[in-house]
Amino acid sequence: MHITRALRAVAAVAAVGAAVALAGCSSSSGGAEPGKKGDLTTVKVATIGLTSDGSLLTGIAKGFFADEGLKIETSIVANPPAGLAAAQSGQVDVAYSPSIPLLNALSQGVKMKVVGAADGYPDTATSAADPAKYDDTGLFASKASGITSVKELAGKTIAIPARKAQLEVVIAEQLKKNGIDPATGVKWVVLDFTSAVAALKSGNVDAAGLVSPFTAQAAADGGPQLAAPSIGFFETGATGLWTAGETTIQSKKDVISAFQRAIVKSNEYATAHPEEAITAGLAYTKSKLTVAEVKVPVWPTAVAPEDLQRPDDKMVALGFLKKPVDLSGVILAK
């Protein structure tokens, strides 16, 4: 993710308003039609509290959504499945989801569509000298284990925050590439990130899948980083997505179309002013990271079919999906 000294971005976050609780929320209430002068139509947007939310926030502050007749109300949910459930039920209009939770939901018959790109990786990420520069996830070994490569994880214990979720999926691909069966060749244990860092330090686990800022803590404890697993898995393109339930899309077609136009403008602005967007994201998430410590984000302006097809194919190959997801029509045209 990128960097700025624009202090106005912090003030901009305050202008966005406090996050609203999901409990008891109905779907968007409206005023005038989107894009018309007059009252703004409220759009409820669920995020999971990432620094890359700075694009959405700066877009709100710059008036891109108001220009489309929209007033954005944000809320932070516990995890992507919770956001997807809220979007499907109409508690929120739009929800952030990485592609893996979305594919899991689609495979279970959840009626969702992708309405825009939230974040992702650049075209050059996998060929970069240091892919970890772009990846805010990391597979770290315990210093006490003496492990310095993924190949040495055979038979070892790996901590992850949840089974069959995103970190296990991306780490599983790294294991398979190194000749280890992810299903039988390692021992998976579920630990929250704080506990995982402590277990790495004490040597109670051999390795752990972590996200920023816990990656920085593991590195400070001397644990070697074995892989940047998310870039290895996704490679490039949009990985974080703005999604909406089919019912919302059908009943609020003009609102969703207006959101699509505004998020493209927001992503273009964030790409041109990354430091400002990062500062806004840090303030919104109340992160203790400095701007310089944040990984370099990419805010794509479109979601390509291969951005979903690639992880879909890999999840099938790894056994996380029984069959490919039918992706026809999942990406909503602008």
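Strands here are DSSP runs of E with at least two residues, helices are DSSP runs of H or I with at least four residues, and both are numbered from the N terminus. Two strands pair if DSSP finds at least two bridges between them. One place to look is Gly138, whose bridge partner in S8 is Leu210. S5 also runs antiparallel to strand S9 (residues 225-227), with two bridges joining them. There, Phe140 has Gln225 of S9 as its bridge partner.

A word on what you are looking at: this is a predicted model, in which local features need pLDDT of at least 70 and side-chain atom pairs count only at pLDDT 80 or more, while totals for chains, interfaces and linings use all residues. Residues are numbered from 1 along each chain as its sequence is written, and side-chain values use heavy atoms, with hydrogens and water left out.

Stay with S5 for a moment. Is this strand mostly covered or mostly open? Five of its five residues are buried, where buried means under 20% relative accessible area, exposed means over 50% and partly exposed lies in between (1.4 Å probe, protein chains only). In a regular strand the side chains alternate between the two faces of the sheet. In S5, Thr137, Leu139 and Ala141 point one way, Gly138 and Phe140 point the other way, and all are buried.

An α-helix has 3.6 residues a turn, so residues three or four places apart point the same way.

At its start, a side-chain oxygen of Asp192 comes to within 3.1 Å of the backbone nitrogen of Thr194. That is a polar contact, defined as a pair of N or O atoms within 3.5 Å; within protein, one must be able to donate a hydrogen and the other to accept it, and residues adjacent in sequence count only if both atoms are side-chain atoms. Just after H7, Gly203 takes a positive phi of about 85 degrees.

Next, the charged side chains. With a salt bridge defined as a side-chain nitrogen of Lys or Arg within 4 Å of a carboxyl oxygen of Asp or Glu, the count comes to 13. One of them joins Glu73 and Lys44 (3.0 Å, N to O). This pair links distant parts of the chain, with Glu73 in strand S2 (residues 70-76) and Lys44 in strand S1 (residues 41-47), 29 residues apart. Lys44 counts as buried, at 12% relative accessibility.

Glu68 takes part in two salt bridges of its own, one with Arg261 and one with Lys265. With Arg261, the closest N and O atoms are 2.9 Å apart. Glu68 is buried, with a relative accessible area of 8%, whereas Arg261 is partly exposed at 41%. The bridge from Lys265 to Glu68 spans 3.3 Å, N to O. Lys265 is also in H11, 197 residues from Glu68, and is partly exposed at 32% relative accessibility. Elsewhere, Glu173, Lys177, Glu235, Arg310 and Lys314 are linked in a network of salt bridges.

Finally, step back to the whole protein. How many helices and strands are there? The protein has 13 helices and ten strands. Of its 334 residues, 55% count as buried. Among contacts with a separation of 6 or more, residues 24 or more positions apart account for 80%.

Terms used
Contact = heavy atoms within 4.5 Å.
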